[in-house]
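Here is a short report on a two-chain protein model. Look over the sequence and the coordinates before reading on.

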Amino acid sequence: MISPDLRFEGFDVESWTNLVALFSPGVVERMENQPAMTDAPTADKREAGGASDLRGTLVVVLGNGDRVLKSYHTSRGPIVDLEWGGRESLGELCRTYGARRALALREGVADEMAERLALRLQRGDDYATQWLAFTRIFREMEDAGQIYVYPRPLEKVPVPSAGTVKRALDIILPDDHSVVMTVWSKGRPFTTVALSRRNGCIDRVVGPDLLTRWVGPLGGDFRRDHRVIVDAVSGALAPVHLGVFAELSTLEELLRASGPGAWAQAVAVRDVIIYPAPPYAAVALGADAVRGVATETRRLLGGVDFFQAFSPLTDLVRSRIAEVASVKATLGFDPLHALSAWLRRREPRAEEYSVHAGGTRAADSRDPL
Amino acid sequence: MRIEGRTLRVGRERMPLLSGAMHYFRLDPDAWRPALRELRNMGLPIVETYTPWGVHEVSPGEFDFGAKDPRHDLGRFIDLAAEEGLWVFIRPGPHINAEMTHFGLPERVVYDKACQARSPRQNPVILPFPPQMFPVPSYASERFHDEAGLWYDAVGEVVAPRIYPNGPVVLLQVDNEASYYFRNGAFDQDYHPDAIAMYQRFIIERYGSLPAAAKAHGQRYPAESDINPPTRFEGQTPKDLPRYLDWAEFQERLITNALTRMRGRMAEAGLTGVPVTHNVALGEAGLPISLPAIDSVVDLMGLDYYHPAREHRTIKRRTLLLAGTVELPYSPEMGVGAPPWFTPLTHGDSMYCALTAFAYGLRGLNLYMAVDRDRWYGSPIDARGRSRAEAAIWRDLFTRLTEVRFEELTRKAEVALVIPPEYRRLSRVTHLFGGLVSPAALEALGGTPVDGCREDGLGFEGPIQVLWWQMLAKTADALTEAQVPYVWIDGDAPDARFEGLSVVVCPTYEFASAPRWERFRALAENGTTIVYGPDVPELDEAMAFHHFQAPKDSRRVLIDDAADAQALVDELIRENDLPRPFQVTPRPLETTVHEDAVGPRVLFVMNPTRDPITSTVTLPAPCRLLDLATGERITGETEAEVSMPKLTCRVFVIEKSASEPPPKRRPSARRKTK
């Protein structure tokens, strides 16, 4: 899935940092944090400023009899006299010491994981497969009570097999194809990334320097430039299977949106261009649109399920959707949803917003499809 | 052709140790010449490159140096560099990292079990770096050294004929960041049979006999083959510790021996006749290496730097340790840009890191990477050999530093903080986070090398493995607050590094190194004030009773908190009349001054905060400050007002008075083109 000969090229500091910031704002957050000006910090309870001051990870190492051998805050330093109240106390400890998350592990677990990893890896495994193996080992340690993690957003998500992930990747990025995403910000190119895949593996990650060489200077209108970009990438890299083109503010909203209809609405009004749109994407957008309409109509009709009257039709649509493989169906979870949930957790907001924020719309789990 | 002072003498020419990295094997050969030319135009007289074993070996024992792939034509690359007026710095490995798969080693070598490092359970030791995890080689493996020797022979055929005076190659490096491939937890490795055999010989050599070794370790050793290294930390009392401390010291010795062996093998392959360097990775305070030992087996040892501006204190501490421990503080890799899997580094970060390192004593560096390539971003020259805007900024900096002969200046420091190797090793063996997040990794991530240590007292009054660092760190904070110049020194540094010091501060607890204690006593006889404590040791490193006599006129202190440290520093300032030149307000701004025989010549003013601050610098005499970057002149009689943007280091030439004419410029060093 990831080639050992992976080429990464064509980025400068700004374009790479912009791309990273899109999907991992925590990195930018860390860049903005002022670290301790001393090599001898010691955190205590008084430093925590409450829920608004949560950052970093609380790490606790336990010895025999749950004796605390070490407690450490990755952003604040060593913690003195931490009182361990069992797995259930991790949430409270996070609040007490101002940590966003907690990891408690028993002495020796890290070494055990390293030994198990060495036994599981096979020569020729690609990087994704290797990290799946490590993830499975981590889950084993959790299940055996050797590691406790808080929170546990993926608690119910099974660790997919390498084959499963490969099949999911086949949907998004088939062999001998590429995907491209270009983001603009206030009329200027913000960042671009294109990935290609050959012999089953992602073999190139390309940034705007190369793209500019293939396309020429980009203007400020992605609604006009996207076809040129797709043609250039298809010629220089591989036929484009999926292209996403958007304004930065729109994309940031969509990546954090959990409410149904957000993507479909953005595409409909051309705030986002999906071009080309592979069959799954088209169906997903259609399904997202239907969900959005369903939610809106339930709101407007005071809770009446609009689609009840059309259930034979929805059954028909549902059966057709099954013919088109979906990433969610393949993996067992929706990675886009997981990403948006993660991003929203990093940037807690009281309410969720739709693309055209004119009010708030609560996420609705009822799915007519 | 030698290191002379802090310069490189090549024939009749002396040049500062400034170079830029470019990877020929990753670029279109058509881009080589323009990139080399731009690198030279940046004011860098030397181009540096790795030569990757795994790229040149196209099949076992068969090497391509351009016959099959023009990108592999190392000889042509070196010759082109010479044509463009550049000297050349070659780093042939055997391992190079360079963000390459398998760190540039051939896959067949990596997967050769006889070459692999071993975990306590005899499994491979996996390094989880992208783009593919791999088992790391053993620094003890005879097979690996044999294979590496064949590689040296092959690359030597191309490089050796081009070594000065026959060619432009003026520097070589042995291996790369030798510290167990980042899997450097105390019990991560190496349990390879060759390593264990070496360990057994080390123990016998240390104690002289099996019975003595068994007694020291509290083990039964019927035969030498029964001397097995510890595989996890289970110590509870002082008498349990020698076995673990010996293991930690052996890990350092293994690396030093490996580097010595590799250097010898390089020489056999013709890779000799010019200075040989070695680079130490981030987190050196937690690494299983001895800086003085490595410095003794190469001609030039340095630290690699990849720090954002917000890590000011780490940049400062690392540089002060380098400046205190070695003669020529040098950086074989000063990060410019970064690989995609590092924390992003901006141009501002790289510039701040380099300037701050210069401020605290660095005198030479290799910009890594000067030229962009695969798996990198942010270099001042792109992969087609075109300069980006940042190239001009670096060029101006190097030009001006060369003009003021910065490499010849000295930052005076009369106070040293000594890192006791026995305590550093104790911290390593009591680390709790395993090898995947080793002490070095913690330090590299902005923490300290003791952050992961258990807090047990181990039969002592307190956890020495944590306390020693805290004492030194608090003292460093107090010295910084009082604006007293100081350095850090590795406790095993040669005597010459301690010469000229007024004050030496070294934590001491219930056990300590007896030989180093005697060195301190000798220093005290010569007038150096030794500050130790909180304890007068009673045990040596073997946990045997030893009489430690207090050094003459020494001070025994207990540093519990910042107030204790500040009180100590205040007294030291008074009693030793410690100079505090060019003080700055408000805090936490900092200054350093660099001087020659005439007097202060260059001033650095640093703002490590996120707020712009207008500072006031106290002047010892009326003078004019000339900003090297902007040309701004600031004059003052007793003080100067200097505006400091956030996260900025400004560099000033100190001109004696407003009436003194600007200094004459010296042309930058450049190899004569053919």
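## Model and interface area

This is a predicted model. Chain A puts 52 residues into the contact, and chain B puts in 64 residues. Together the two chains bury about 5000 Å². Carbon and sulfur atoms account for 54% of that area. Three residues stand out on the chain A side: D39(A), E115(A) and R123(A) supply 14% of the area that chain A buries against chain B, more than any other three residues.

## Polar and charged links

How many salt bridges cross the interface of chain A and chain B? The rule finds eight. K70(A) and E455(B) form a salt bridge through their side chains, at 2.8 Å from N to O. Polar contacts between chain A and chain B number 26 residue pairs, with both residues at pLDDT 80 or more.

## The chain A side

Several elements of chain A give two or more residues to the side that touches chain B. The helices are α1 (13-23), α2 (25-32), α4 (109-120), α5 (127-143) and α7 (208-215). The strands are β1 (2-9), β2 (57-62) and β3 (68-73). Which element gives the most? It is α4(A), with eight residues. By residue class, the chain A side divides into 27 nonpolar, eight polar and 17 charged.

## Strand β17 of chain B

Strand β17(B) spans residues 503-508. Six of its six residues are buried, so the strand is largely enclosed by the rest of the structure. Side chains in a regular strand alternate between the two faces of the sheet. In β17(B), V503(B), V505(B) and P507(B) lie on one side. V504(B), C506(B) and T508(B) lie on the other. Both faces are covered, and all of these residues are buried.

β17(B) pairs with β18(B), residues 529-534, through six bridges. The two run parallel. Within this pair, T508(B) stands opposite P534(B). β17(B) also runs parallel to β15(B), residues 415-419, with three bridges joining them. Here L417(B) faces V505(B), and V415(B) faces V503(B).

Is β15(B) buried or exposed? Five of its five residues are buried, so β15(B) is largely enclosed by the rest of the structure. V415(B), L417(B) and I419(B) point one way, while A416(B) and V418(B) point the other way. β15(B) also has five bridges to β16(B), residues 486-490, and these strands run parallel. I419(B) stands opposite D490(B) in that pair.

Helix α13(B) covers residues 421-429. Nine of its nine residues are buried, so this helix too is largely enclosed by the rest of the structure. Charged residues are included: E422(B), R424(B), R425(B) and R428(B) are among the buried residues of α13(B).

## A three-stranded sheet in chain B

Chain B also holds an open sheet of three strands, in the order β20-β23-β26, with antiparallel pairing. β20 (584-585) and β26 (639-644) stand at the edges. Each has a single partner strand, so one side of each is left without a neighbour in the sheet.

β23(B), residues 613-618, pairs with β26(B) over six bridges, in the antiparallel sense. T614(B) stands opposite S643(B) in β26(B).

Definitions and conventions:
Residues are numbered from 1 along each chain as its sequence is written. Chains are lettered from A and ligands numbered from 1 in the order in which they are written. This is a predicted model: local features need pLDDT of at least 70, side-chain atom pairs count only at pLDDT 80 or more; totals for chains, interfaces and linings use all residues. Side-chain values use heavy atoms; hydrogens and water are left out. Contact means heavy atoms within 4.5 Å. Buried area is the accessible area (1.4 Å probe) that two parts lose on being put together, summed over both. A salt bridge is a side-chain nitrogen of Lys or Arg within 4 Å of a carboxyl oxygen of Asp or Glu. A polar contact is a pair of N or O atoms within 3.5 Å; within protein, one must be able to donate a hydrogen and the other to accept it, and residues adjacent in sequence count only if both atoms are side-chain atoms. Helices (H or I, at least four residues) and strands (E, at least two) are DSSP runs, numbered from the N terminus. Buried means under 20% relative accessible area, exposed over 50%, partly exposed in between (1.4 Å probe, protein chains only). Two strands pair if DSSP finds at least two bridges between them.
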